[in-house]
Amino acid sequence: AVAVSAQYRLNALGFLPASSARNVGLRDQALALRWIQRHIGAFGGDPGSVTIFGQSAGGSSVLWHAAREGSRGLFSRAVAQSPWSPGETLGGVDATRAMELVWRDCYCEVVDCAAPDLEARLKLAPAAALVEACGDAVAVVAEGRSTVDRLCAREPVFFDGLDRLLVGTNRDEARFWLFDEDHRTRLGAAAAVDRLARDFLRDSYVPIDLGLDWFTPPCAAQAADWLLDDLVRPAYRDSSLLAADFLTDLWFTAFAELVGSSPGIFRYVFDQPVRADTLLPAGTCHCDELPYVLGFDGFQWDDDTPDQVAIAASFARPAPEMRAVHDRVAAAWLAFATDPDDLGGFVPSSGDFGEPHSLWANGSLSTVEDAPVHSPAARRLTRDFFCDHDAIRAEVLRRSACADDDPGRREPPPPAFLQASAS
């Protein structure tokens with residue numbers, strides 16, 4: 001097997017239009033895949049047997065290519081590890097408006113957005129300034145209907161030429177954000193994730209997904225509090241870390257289950273803890289599968305919190321049982337990616353809502369018919385957060401004192417090139 005990694009534009013420079021070009025980071029990836037088709041034979045590879053895989057934002061990129069007709073023929077297998085719910089604009093607001101909401105929050109800090117030559121000014125703006133202002137902001141434009149809309153409607157999403165697609169999540173993805181030392185100092189880990197959930201609902205879900213971008217900040221905050229306290233809390237009443245488990249399901253698990261509900265898709269849940277938190281039980285968090293898939297040698301964490309330092313030390317000297325689990329996990333991934341006669345032990349979906357699926361736990365892979373991490377009510381709720389925006393929006397409006405505000409109140413229309421990028 002030959003492994004290839006590719007560089008592509010990230011963050012705002014790759015995923016937030018500054019001109020009429022759109023999705024340029026993803027198009028960089030497609031260019032790399034076309035290069036592989038032309039040249040991999042010179043390195044001993046087979047252009048007819050290409051597997052793409054990625055984790056987190058990389059997993060989302062994998063699914064974008066698997067659903068994109070223009071990527072047909074560039075690869076035949078795909079593995080998406082812990083993909084975020086897709087970085088496309090979702091339902092509720094048209095693509096132009098959703099992009100504009102993200103776009104105005106960052107680019108207008110760098111340039112005068114009212115200037116008639118805005119596109120030219122953005123091209124001359126320092127890249128470092130744009131990245132600093134925008135942070136991780138992304139606004140990938142769906143080519144046609146968004147992936148989530150099509151999955152919710154149970155429509156075919158992934159192109160026919162795809163031989164295998166494996167999608168999976170870790171059991172406790174969002175508990176990764178318990179490990180922010182600054183948040184612990186200010187609020188405590190559980191309270192910090194609760195704040196993160198409220199901020200996400202207020203700043204993203206309410207204005208973009210529900211299309212309530214005309215809500216004033218206090219009204220959006222009121223809506224976020226109702227969503228978390230009145231909808232989410234009863235469904236997660238058995239959870240000791242409610243906000244973290246809700247964000248795990250909303251950002252990761254519900255989307256993976258939607259993808260896994262397509263017939264023939266392979267889905268897994270990874271439950272192989274590597275963290276030993278001193279304050280709270282952390283479980284199997286975002287990124288925790290990476291050393292088991294890729295190996296412990298040279299593996300580094302970016303964070304320097306006490307827990308991350310302890311984890312890094314254990315990876316530098318992994319126990320024999322950890323290496324044994326890595327050997328089994330890596331062998332399964334490699335078989336799925338390269339062997340036409342071996343699925344690595346993974347099982348295909350029957351086309352039902354994400355079942356059956358494969359479970360990595362206690363060092364081995366097994367098939368489970370149904371082993372939800374949280375209650376059926378929690379699973380239904382997070383699926384509704386994706387697929388039933390109209391009902392949730394109507395209930396928010398019914399309960400909100402802001403419903404009588406003028407929904408026609410808008411900022412100036414977006415620049416012409418931003419409208420073109422969403423067409």
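I worked from a predicted model, in which local features need pLDDT of at least 70, side-chain atom pairs count only at pLDDT 80 or more, and totals for chains, interfaces and linings use all residues. Residues are numbered from 1 along each chain as its sequence is written, and side-chain values use heavy atoms, with hydrogens and water left out.

**Entry 1: H2 and H3**

I looked up helix H2 (residues 24–39) and helix H3 (residues 57–66), whose axes come within 11 Å and cross at roughly 70°. Helices here are DSSP runs of H or I, at least four residues, numbered from the N terminus. Axes are lines fitted to C-alpha atoms over the stretch in contact, with angles from 0 to 180 degrees between N-to-C directions. H2 and H3 are therefore roughly perpendicular, a word for angles of 65 to 115 degrees.

**Entry 2: Salt bridges**

I noted 20 salt bridges in the whole structure; each is a side-chain nitrogen of Lys or Arg within 4 Å of a carboxyl oxygen of Asp or Glu.

Arg198 pairs with Asp225, with the closest N and O atoms 3.0 Å apart. Arg198 lies in helix H9 and Asp225 in helix H10, so the pair ties together parts 27 residues apart in sequence. Arg198 is buried at 17% relative accessible area, while Asp225 is partly exposed at 33%. Buried means under 20%, exposed over 50%, and partly exposed in between (1.4 Å probe, protein chains only).

I also found a salt bridge between Arg379 and Glu257 (2.8 Å, N to O). Arg379 is buried at 15% relative accessibility, and Glu257 is buried at 6%.

Note on methods:
Helix = DSSP H or I, 4+ residues; strand = E, 2+ residues; numbered from the N terminus. Parallel < 35°, antiparallel > 145°, perpendicular 65-115°, else oblique.
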